[in-house]
Amino acid sequence: MGRKIDYNQNPFIVIWEVTRACQLKCIHCRADAQLTADPRELSHEEGIKLIDQIYEMDNPMLVFTGGDCMMREDLFELAQYAIKKGMRVSMSPSATPNVTKAKMKQAKDIGLSRWGFSLDGPTPETHDYFRGTPGAFDLTLEKIKYLNELDMPLQINTVISRYNYDSLEEMSRLVGELGAVMWYIFLLVPTGRGQLDACISPAEHEKVFRWLYQLSKTAPFDIKTTAAQHYRRVVLQEKMRDHLIEKGEIHYEDSITTDFASLHDGLKRAPKGVNDGNGFIFVSHIGEVMPSGLLPIVCGNVRERSLADIYRNSPVLQAIRQPDIYKGKCGVCEYNHICGGSRSRTYAVTGDYLESEPYCVYIPQALRQKEKAFQQ
Ligand code: SF4
């Protein structure tokens, strides 16, 4: 996967919301999913055409999402078509009675790379409350058992919010016990049914990121984050701190206040992470193209223009791929090309996708220098 990708030309990952139908009623649902499918949903033929267009964009990773993607009858046909072309495909269906062991076996047999399940708390109380459905926790654990029996790689997706912030240690132990290869952490964005008062504070975001970094050193699973671009800044800061501590150049206590950003000379050369509309693109159930499912600005529709044309030429997407034009502190931050803040959260909270990430505590060096000059 070490190939060089120009995110101005092609995304690294495409999320396709194959349907909005879902039997669950999750309290933070981005899609405000409905029990039945929208009659305007992309047809099977349109789906095949879309897969061809995605493949032609340098074969990015393809993720089927929903709603509950299992509510789409031709799901496995679509997946098989993509996999036969040589695409890497994964999906995260809702844990409902629709997910049978036979379906999981079918997914494994056609070559699905990984299966993701949502688990938002370490107990039935926390998870079922989140999912708005009693019994969801037990059902998820039962499905995970099937997956493990089939030896299919498991990803666990967790939305971090006010409701589970205090049980993250316990949650991480459960993720390990369940044999997950990946813990996919999503920091709540207040959009759809996701509410602002359910978000953890900026300082708590920072605490979670520092905890995650320590966890990542010993956990038996990989950790990936979504809507948490500033985790990359924390990882760089922490790595720098560890390195200096290892070399005995500074004491740990001093490291808490040391300005590591100024010590790191290669930030702009760091591996490039994705952001909404920048290496990452979302296609809705009716073909609308958006920077992400959490940043619902329609940039075009695949029924009218090709995905490549929309991705490369939409003025919104072109702007979002230029961190130096962001407003406020993100625009001048020395980390903005590797971080840039979550554009989804910024839009959800401020209504402007170019504003600063409102849930980051970091003060960029340029602003600190300006403040210092002002005080002199
Ligand atoms: S100020 Fe913006 S770009 Fe800088 S670390 Fe925070 S979120 Fe990232």
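**Close-up views of a predicted model**

**View 1. Helix 1 and helix 2 make a right-handed crossing.** A crossing counts as right-handed if the near helix is turned clockwise from the far one by less than a right angle, and as left-handed if it is turned anticlockwise. Helices (H or I, at least four residues) and strands (E, at least two) are DSSP runs, numbered from the N terminus. This is a predicted model, in which local features need pLDDT of at least 70 and side-chain atom pairs count only at pLDDT 80 or more, while totals for chains, interfaces and linings use all residues. Residues are numbered from 1 along each chain as its sequence is written, and side-chain values use heavy atoms, with hydrogens and water left out.

The axes of helix 1 (residues 44–56) and helix 2 (residues 75–85) come within 10 Å of each other and cross at roughly 25 degrees. Helix 1 is therefore roughly parallel to helix 2; angles under 35 degrees count as roughly parallel. The axes are lines fitted to C-alpha atoms, for helices over the stretch in contact, and the angles run from 0 to 180 degrees between N-to-C directions.

**View 2. Residues of helix 1 and helix 2 are in contact.** Helix 1 contributes H44, G47, I48, I51, D52 and Y55, and helix 2 contributes E77, L78, Y81, A82 and K85. Contact means heavy atoms within 4.5 Å. These residues divide into six nonpolar, two polar and three charged. Ala, Val, Leu, Ile, Met, Phe, Trp, Tyr, Cys and Pro count as nonpolar, Asp, Glu, Lys and Arg as charged, and the others, Gly among them, as polar.

**View 3. Strand 1 (residues 13–17) is largely enclosed by the rest of the structure, because five of its five residues are buried.** Buried means under 20% relative accessible area (1.4 Å probe, protein chains only). In a regular strand the side chains alternate between the two faces of the sheet. On one side of strand 1 lie I13, I15 and E17, on the other V14 and W16, and all are buried.

**View 4. Strand 1 pairs with strand 2 and with strand 9.** Two strands pair if DSSP finds at least two bridges between them. Strand 1 and strand 2 (residues 61–65) run parallel and are joined by five bridges, with E17 opposite T65 in strand 2. Four bridges join strand 1 to strand 9 (residues 279–283), also parallel, and V14 stands opposite I281 in strand 9.

**View 5. E204 lies in helix 7 (residues 202–218).** E204 is buried, with a relative accessible area of 17%. Leaving aside neighbours within four places in sequence, E204 is in contact with R162 and Y165.

Key
Parallel < 35°, antiparallel > 145°, perpendicular 65-115°, else oblique. Buried < 20%, exposed > 50% of the residue type's maximum accessible area, 1.4 Å probe, protein only.
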